[in-house]
Amino acid sequence: MRFKSAVIGAGPTGICAVGHLLDLKLHPILWIDPCFNSGRLSSYQNVPSNTKVKLFIEFALNCNTFKEIASQNDDVLNALLATDQDSGCYYDKRYKTIKTDKGNVRSMNLSENWCIEIEGSGQKYYCDSAILATGSHPRESRQSPSETHHEITSIHLDVALDPERLGQIITEDDTVAVVGSSHSAILVLKNLSQTTSCKSILNFYREELKFAEYKDGWILYDNTGLKGQAATWARNELSKVQKIKRIKLPKEKNKEKEVYLAHLRGCTKIVYAIGFERNPLPIISVNDRVCREISYNPKNGQISDENGPLDNCFGFGIAFPEKTIDPMGNVEYAVGLFR
Ligand SMILES: Cc1cc2nc3c(=O)[nH]c(=O)nc-3n(C[C@H](O)[C@H](O)[C@H](O)COP(=O)(O)OP(=O)(O)OC[C@H]3O[C@@H](n4cnc5c(N)ncnc54)[C@H](O)[C@@H]3O)c2cc1C
């Protein structure tokens with residue numbers, strides 16, 4: 001079968017893309033994902049959201065197809081409507097119901113149209129257009145902590161964000177370093193201080209804490225400021241937790257190593273909360289020539305290679321965030337759902 005559109009990825013961006021393609025009647029649609037489990041948010045079921053409940057509802061109902069589904073089966077919507085609309089929420093309420101077939105796109109070749117090949121099975125599909133909604137994962141440190149000092153066990157950010165899992169691996173002998181000052185870093189500091197018995201916590205950071213501010217119809221520092229429970233805890237509790245020591249890193253990056261060396265002695269575990277990076281993309285080619293440099297237009301998502309734009313190929317979501325300028329002229333990349 002020849003498809004009108006292919007959507008690669010079934011995180012919030014892929015779900016949203018499919019909804020809008022259905023609204024626009026750009027079907028049949030091919031939709032591919034290895035798990036169909038709502039992307040990264042499904043691994044954060046014990047993590048408070050930074051988006052308010054009412055914005056999740058607005059995100060979902062911004063699409064006629066989803067409105068129609070919600071009117072037929074409103075369990076999920078009702079659960080959200082019954083929640084305080086100005087608070088955050090936990091992710092499992094919204095996404096438990098979505099399940100479908102699994103697959104991973106290995107390669108995409110553009111000739112007359114897009115030929116999309118699935119890893120393993122080698123199955124090929126032909127589509128007029130392709131949307132990459134392939135997401136991101138937590139960035140790992142390029143430098144091993146043992147390069148700066150003795151052996152320190154690194155804890156994956158996803159584990160550190162889950163209070164239960166973190167509680168199982170931290171002991172009272174541990175001194176834990178947390179690198180970063182983002183939403184994730186603050187949630188990890190909160191988890192360490194509230195649900196583990198660790199001896200002490202070192203928080204290395206480059207930027208001072210920044211808080212999102214709700215203005216009339218827009219949000220200042222919408223993508224880079226702290227929100228929800230993380231913001232409340234950082235404002236009211238962080239400075240009171242005596243076992244947390246915050247260490248500002250010097251502006252000159254080549255001097256950071258000295259600061260780490262001075263403080264990491266005695267540190268047993270480390271968590272990097274230093275942002276996200278794009279998941280590896282499928283191999284993209286044009287007439288069987290592999291594209292070497294993939295880039296995108298941050299205004300409309302158009303994907304390009306070293307020779308220019310690729311026909312009917314777009315990237316959206318956290319892997320290809322839209323560039324936004326707020327009313328005060330601040331430039332940010334829109335990484336959340338409500339865009
Ligand atoms: C602690 C924490 C809290 C957060 N809270 C919020 C919040 O409150 N509000 C908010 O808006 N955002 C929040 N985020 C950010 C959130 O993770 C992103 O907004 C969201 O997951 C991005 O969705 P996405 O669909 O672009 O990518 P993802 O969720 O990463 O989904 C990408 C999907 O594509 C699939 N995929 C990748 N490669 C292939 C391939 N080759 N073939 C097929 N499928 C593929 C992946 O398996 C995955 O299912 C939070 C993040 C963290 C870490």
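**Aromatic pairs and helix packing**

Tyr125 is partly exposed, with a relative accessible area of 24%, in this predicted model. Phe3, by contrast, is buried, its relative accessible area being 11%. A search of the whole structure identified five aromatic pairs. One of them joins Phe3 and Tyr125 in an edge-to-face arrangement, with 5.8 Å from centre to centre and 70° between the planes. Because Phe3 belongs to strand E1 (residues 2–8) and Tyr125 to strand E5 (residues 124–132), this pair ties together parts that are 122 residues apart in sequence.

The rings of Tyr296 and Phe320 are likewise edge-to-face, since their planes meet at 75°, with the centres 5.4 Å apart. Tyr296 lies in strand E17 (residues 295–296), whereas Phe320 occupies the loop between strand E19 (308–315) and strand E20 (322–325); the pair thus links distant parts of the chain, 24 residues apart. Both Tyr296 and Phe320 are buried.

Helix packing was examined for H1 (residues 12–23) and H3 (residues 64–72), which pack at an angle of about 100° with their axes 7 Å apart. The two helices are therefore roughly perpendicular to each other. Ile15, Cys16, Gly19, Leu22 and Asp23 of H1 make the contact with Asn64, Thr65 and Phe66 of H3. By class, four nonpolar, three polar and one charged residues take part in the contact of H1 with H3.

Helix H9 (residues 183–195) has 13 residues and, at 1.5 Å a residue, should span 18 Å, in agreement with the 18 Å between its end C-alpha atoms. H9 is largely enclosed by the rest of the structure, because 11 of its 13 residues are buried. Among the buried residues of H9 are His183, Lys190 and Asn191, together with Ile186, Leu187 and Val188.

Terms used. Residues numbered from 1 in each chain as written. Predicted model: local features only at pLDDT ≥ 70, side-chain atom pairs only at ≥ 80, totals over all residues. Heavy atoms only, no water. Axes fitted to C-alpha atoms, helices over the stretch in contact; angles between N-to-C directions. Helix = DSSP H or I, 4+ residues; strand = E, 2+ residues; numbered from the N terminus. Parallel < 35°, antiparallel > 145°, perpendicular 65-115°, else oblique. Contact = heavy atoms within 4.5 Å. Nonpolar A, V, L, I, M, F, W, Y, C, P; charged D, E, K, R; others polar. Expected span 1.5 Å × (residues − 1). Buried < 20%, exposed > 50% of the residue type's maximum accessible area, 1.4 Å probe, protein only. Phe/Tyr/Trp six-rings, centres within 6.5 Å; stacked < 30°, edge-to-face > 60°.
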